[in-house]
Amino acid sequence: MTRKNRGEKLPLVSHIIVAVYVLILVTPFYFVLISSFKSNTEIFNFPFSAPASFGLENFVEAWERVDLDKALVNSALVTGISLSLTLFLAIPASYAIARFRGKAGDYVERFFALGLLIPSFAALVPTVFLAIWMGLFQTREFLYLFFPATALPLTVILLTQFMRAIPSELQESASIDGAGRIRILVSIYTPLVVPGIATVTILNFLSFWNEYLFSLILAGPSPTERTSQVALPILVSQTETEFGVLLAGAVITMIPVYVVYIILNRRLEDVLVAGAVKG
Amino acid sequence: MRARLGAVAAIALSGLFLGGCSSPQLSNESVETESSESSKPSVVTATTLSILSNVQAGTPAGDVLDAVIATFEVNTGAKVELVQVGEDIPIIYETSVAGGKEADIVMVNLTSNTKPWLGQGISVPVTDFIKDWNLTDSILPAAVEIWTDSEGRVQGFPYSGFVWPVWYNMELLNSVGVDAPPSTMLELLYVARELREKGIAPFVIGGNDWSGQKLFLQIIQSYMPTEEAVDVFSTGGYCASANAMKGINLFVQLRDEGVFIDDAEGYTAAQMNASFFEGRAAMMSAGSWAMGASPEDLRENVVLGGLPLPSAGSAFSKPTAYQGYTGGGFFVSNNGAAEEKMPLVKEFVSLWYSPEVASSWAAATNAPNAFLGASSLDGGITNTLTKQVVENFYDRVEFAVMPDPLLPGGMAPEMIRQTSLAYAPGSSSTAICEAIDGLY
Amino acid sequence: MIDTSSRHSLGVRRENTKLSFLWLPAVFWYTFFTVGPLLAMFYISLLEWPGLIAENSFVGLSNFEKLASDDVFWQAFRNSLIQIAVVLPILLPTSFMLGYYLSQKPPGHRLLRVILFTPALISLSAKSTMFLAIFAPLGLINSSLELVGLGALSTPWLASSSTAFGTVMAVELWGGIGFTAILFAARLSGVTPDVFEAAALDGAGHWKRIWAIAFPICREYVGVIAMLQFIWVMFGSAGLILLLTRGGPGNYSTNLSFLVYDTAFSQQQIGYSQAIAVVLFAIVLAGIALIRFSFRAKE
C-alpha cells in the first residue's frame with residue numbers, strides 16, 4: 001500500500017514564512033564559510049562580500065597549528081565511546097521505567113530529571129576532584145566515563161517518552177510467544193524507538209563534540225589528549241587572533257557532525273517509510 | 001559484559017600509567033650533576049621539562065620558541081613537553097596544581113589572574129635565580145621591577161615588553177590641513193571636527209573591551225600625579241579625587257563632542273585595528289602587538305605619538321602613552337623548582353636570554369621587549385613602526401601609569417563592563433565614577 | 001529494587017523486580033558522577049573560597065545574605081525571568097508549528113531538516129564570532145538598515161544598554177526554533193496519519209489539526225521539551241553571554257547563569273558563585289514542577 005497524500009496541501013503562506021526563516025538561519029553560516037577564506041582586515045571591513053581568493057591557506061594553517069588531526073581523533077574517540085556507553089545504559093533504563101507499574105518508576109524518572117538541574121560549570125570543581133581521586137585527571141579516558149553520566153538524564157527522559165508511546169499489547173503478545181524480556185527489548189522495542197534513538201544520538205553527539213570547558217579541564221590541553229573544541233581556541237589571543245584561521249578550523253570541526261546528522265536523518269526516514277509500508 | 005570489563009581494565013591501567021608520569025625517570029640518558037666539594041650524593045637530573053605556554057605555534061614568535069627548544073634538547077639530551085594554549089592558562093594551571101600535574105615552566109603574562117600565584121604558593125620566587133644564573137645583565141631592570149611584588153620577590157623572568165602609543169594616520173590628518181599630531185586637547189577637538197566634516201572617523205577605540213578601558217584610564221590620568229593615580233587605581237575613590245573627576249569630565253567632553261567614532265562602545269580591539277588599518281579612522285590607541293599585523297603600505301603614513309594634554313593643569317609635560325613589561329614571562333612552578341628539574345630550568349632560561357635569541361625574538365615580535373641590549377640589535381627589525389619606537393618615540397612621550405598591575409584581582413572584567421557603558425552617550429561623570437567606585 | 005508492594009499482583013511484582021535490574025546500571029553510573037557534584041554545590045555555597053588553590057573558610061549563610069543585598073544579583077534575577085517570559089512563549093508554539101510543517105513532508109523537507117539543524121551544529125566560539133560581526137557597529141544588520149533607508153535605527157546592538165540583552169535572546173531564538181522544531185517533528189512523525197486524515201475529512205484545516213489534534217496527542221512530549229528548553233535557557237546562556245557581551249554593558253545583559261560563571265572564574269569567588277547556583281537551582285526546580293503540572297497528559 002503506498003502512502004497517500006495527507007489531506008490538503010500546506011498553505012503558501014507557511015512556505016514563505018519558512019523560507020524567510022531559512023534565510024535568517026543560513027546567512028550567519030554563509031558568513032562563517034566565506035570568512036574562513038579571508039584575512040582579519042577583510043573580515044572586519046567587508047564582512048559579507050565574497051572572499052578575494054578561495055585559497056585554502058587558512059584551513060591548512062588551522063590544521064597544522066593546533067594538530068587538528070590528533071584533536072579530531074580524540075574528539076571522535078570521546079564522542080563515539082561516550083555515545084555508545086550512554087545508549088547501552090539508557091535504553092534498558094528507559095524501557096524499564098516505561099514498563100514499570102508502580103511508584104518506584106516515577107521516582108527513578110524524577111531522579112534522572114534532577115540531573116538536568118545541575119548547572120554544568122557549577123559541577124566543574126567537584127568533578128575535578130573526582131577525576132584526581134580516580135587517578136584519571138587530564139585524560140581522555142575520564143571523559144569516556146563522565147560524559148555518559150551527564151547525558152543520561154536527558155537521554156533516559158526522552159527515550160522513556162518514546163518507549164511509552166509503544167502500545168503494551170506488543171509486549172503481551174510477545175511474552176505469550178515465550179520471548180524473554182531482554183529479547184523483547186532488543187528485537188521489538190528498540191527498533192520501534194529508532195526515531196527516539198536517532199534523536200538522542202544526535203543531541204548527545206552534538207553536546208559531546210562541541211563541549212569545551214570540561215574537555216579543557218578534565219582531558220587537558222596536551223596535544224595527545226585534547227579534543228578539537230579545545231584545540232581551536234588555542235588560536236585565540238587577546239591581541240593577535242586571526243579570525244579567518246579560527247573560523248576555518250571551526251568549519252573543519254563541523255563537518256563530522258554534519259555527516260553524522262545526515263546519515264542519521266536518512267536512517268530515520270527509512271525506518272518511518274518502512275513502518276508505513278508495513279502498516 | 002566482556003566489553004565493559006575490558007574498558008574498566010583499560011581505564012584502571014591507564015590510571016596507573018599516568019600516575020607515574022610526572023616523577024623523574026632514571027635512564028641511560030640522565031645527566032648527573034656533580035658537586036665536587038660537598039659529600040652530598042649527586043642528584044640525577046630529570047629527562048623531561050614541561051612547559052605551558054601562550055606563545056602561538058606557527059607564528060614568528062612560536063618559531064623562536066621552537067628553535068630554543070631544539071637547541072635545548074641538543075644541549076641537554078632532555079625532552080621538552082610543550083603545551084600551547086590560548087587564553088585559558090590560569091584555569092588550566094590552577095586545576096593542574098590541584099592534580100599535582102602542573103608544568104615546570106609557565107610562559108604567560110603578568111595579569112590579575114597570574115599575580116596571585118606567588119602568594120598562593122603555586123609558583124616560586126626567581127629573585128635568587130636571576131642572581132645565581134648571571135642573568136642580571138641580560139634583563140632590563142625596569143622589567144624586573146614590574147615583576148617584583150610588594151615584598152621584594154620577583155615573580156618570574158620577564159621577556160616581553162610593549163609600548164602602547166596613539167597611532168596617527170598622517171595621510172588622513174593632512175587631508176584636513178593638519179600636518180602634525182595634535183598635542184593639546186583643544187587641538188584634538190579641532191581636528192576631530194574637521195575630520196568629521198570630511199566624513200572620516202576621528203578616533204577609533206575598542207570601547208567594548210580592554211582597549212577602551214585602558215584609554216579611559218589614560219584620559220582620566222591627565223590631571224593626576226603618579227602617586228595619586230597609583231593610589232586611586234589600587235584602592236578606588238574616583239569620585240573623591242578632584243583630579244580624577246577633572247579627567248572624567250574631560251573624557252565625557254571628548255565623547256560628547258564626537259572625538260570617538262560613532263558607536264565606539266560597540267567596537268572590540270580587533271574591530272578597531274581593522275578599522276584603522278583600512279583607513280576609516282584617523283587615530284587609534286593600540287599596543288605594539290598590532291604593529292606586526294599592520295598593512296605595510298599604511299606604516300609609512302603612521303606617526304606614533306601620545307595622547308594630547310589638556311591645555312592647563314596637566315600632570316604631564318609631554319603627550320602620554322603606556323608601556324609595560326607584563327606581556328610575557330617565565331613562571332617556575334613547584335614541580336619546576338624540584339632539585340632534579342632545576343638544571344633543566346636553568347639551561348632553558350639561560351638559553352632564552354642569550355643574545356641570539358634576544359635578537360630573533362625582537363625581530364619576530366617587532367616590539368620592544370625586556371632583553372637588555374636588544375635595542376642595539378635592531379638591525380634585525382624590519383617593521384618601520386617598530387623602528388620608529390626604537391629610534392625616536394621615547395623622546396616624544398611621557399609614560400602614564402599602567403593600571404593593570406594595580407587593579408585588584410578579578411576586577412578587570414567588571415570594570416570593562418562599566419567603561420563600555422561610559423563610552424555610550426548619555427552617562428554622566430558622576431554616574432561613571434560611582435559605578436567604578438562601586439567595584440572596589 | 002524488590003517490589004514488595006501488596007497492591008500489585010505477584011506477576012506484576014516479579015515483572016517489576018526484573019525490570020528494575022535494567023535501570024540499575026544507569027542509575028548507579030549517573031549517581032556516581034553527577035549527584036556528588038550536586039551535593040558539593042550546596043556545601044561550597046557555604047564557604048568563602050577565592051580561587052581553586054586558595055584557602056577556604058566556612059561562613060555559613062553569609063553568601064546568601066550578601067546575595068540578597070547585591071544589586072547585580074537582582075538585576076541578573078530579573079533578566080533571567082525576562083528571558084523565560086520572552087523566549088519560551090515565542091519558541092514553543094513557533095517550533096511546534098514548524099515541526100508539524102516538517103512532519104507533513106513538504107517539498108525539500110530533507111534539505112530543510114539539515115538546514116534547521118545548522119545553528120545547533122555550530123560551536124559556541126564560531127557562533128559568537130559570527131554574531132559579533134553581524135551585530136557590529138558596521139556589521140550586517142546596521143549596513144542593511146542603512147541600505148533600506150532605516151539608518152536611524154542602527155545602533156551597537158551588543159553594546160547598548162537597551163538592546164544588549166534583547167539581542168542575546170534573539171540569538172537564542174534564532175537557533176532554538178529550528179532545533180526544537182526537529183525535536184517536535186520526531187515525535188509528530190510517530191502520530192498515525194489516519195488521525196489527520198479523519199480530521200481533514202471532517203473539514204479541519206491545518207491550524208485546527210495542529211492545535212486540536214496533534215498537540216493533545218503530543219502533550220506530554222511537549223511538556224518534556226518545554227521543560228528541557230526552560231532548563232537550557234536558564235542554565236545554558238552563560239556561554240553565549242560570555243562571548244557576545246560579557247554581561248555588559250554595565251550589567252545589563254547579565255543573567256543568573258552568567259553570574260554563576262562570572263563570579264567563579266572571573267571574580268574568583270567560588271563560594272558566592274555556588275550560592276547563586278543554589279538559588280538558580282531552586283528557581284528551576286519550581287519552574288519544572290510548574291511546567292510538568294501544566295503539561296501533564298490528561299488521562
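Domain bounds here come from an automatic or database domain assignment. On that basis, chain C of this predicted model is divided into domain 1, spanning 4–44, and domain 2, spanning 67–294. The centres of these two domains, taken over C-alpha atoms, are separated by 32 Å.

Where the two domains of chain C meet, 4 residues of domain 1 are in contact with 6 residues of domain 2. Together the domains bury about 470 Å², with 84% of that area on carbon and sulfur atoms. Three residues, C:Met41, C:Phe42 and C:Ile44, supply 90% of the area that domain 1 buries against domain 2, more than any other three residues. The side of domain 1 that touches domain 2 has 4 nonpolar residues, with no polar and no charged ones.

Attention now turns to the interface between chains. Here 32 residues of chain B are in contact with 35 residues of chain A. Chain B and chain A bury about 2,900 Å² between them, 63% of it on carbon and sulfur atoms. Elements of chain B that give two or more residues to the side touching chain A are the helices α1 (2–19), α3 (89–98) and α12 (269–277), along with the strand β2 (79–84). By class, this side of chain B comprises 14 nonpolar, 12 polar and 6 charged residues. Between chain B and chain A, 7 residue pairs are in polar contact, both residues at pLDDT 80 or more, while 0 salt bridges are found by the rule.

Methods:
Residues numbered from 1 in each chain as written. Chains lettered and ligands numbered in written order. Predicted model: local features only at pLDDT ≥ 70, side-chain atom pairs only at ≥ 80, totals over all residues. Heavy atoms only, no water. Contact = heavy atoms within 4.5 Å. Buried area = accessible area lost by both parts, 1.4 Å probe. Salt bridge = Lys/Arg side-chain N within 4 Å of Asp/Glu carboxyl O. Polar contact = N/O pair within 3.5 Å; in protein donor to acceptor, adjacent residues only side chain to side chain. Helix = DSSP H or I, 4+ residues; strand = E, 2+ residues; numbered from the N terminus. Nonpolar A, V, L, I, M, F, W, Y, C, P; charged D, E, K, R; others polar.
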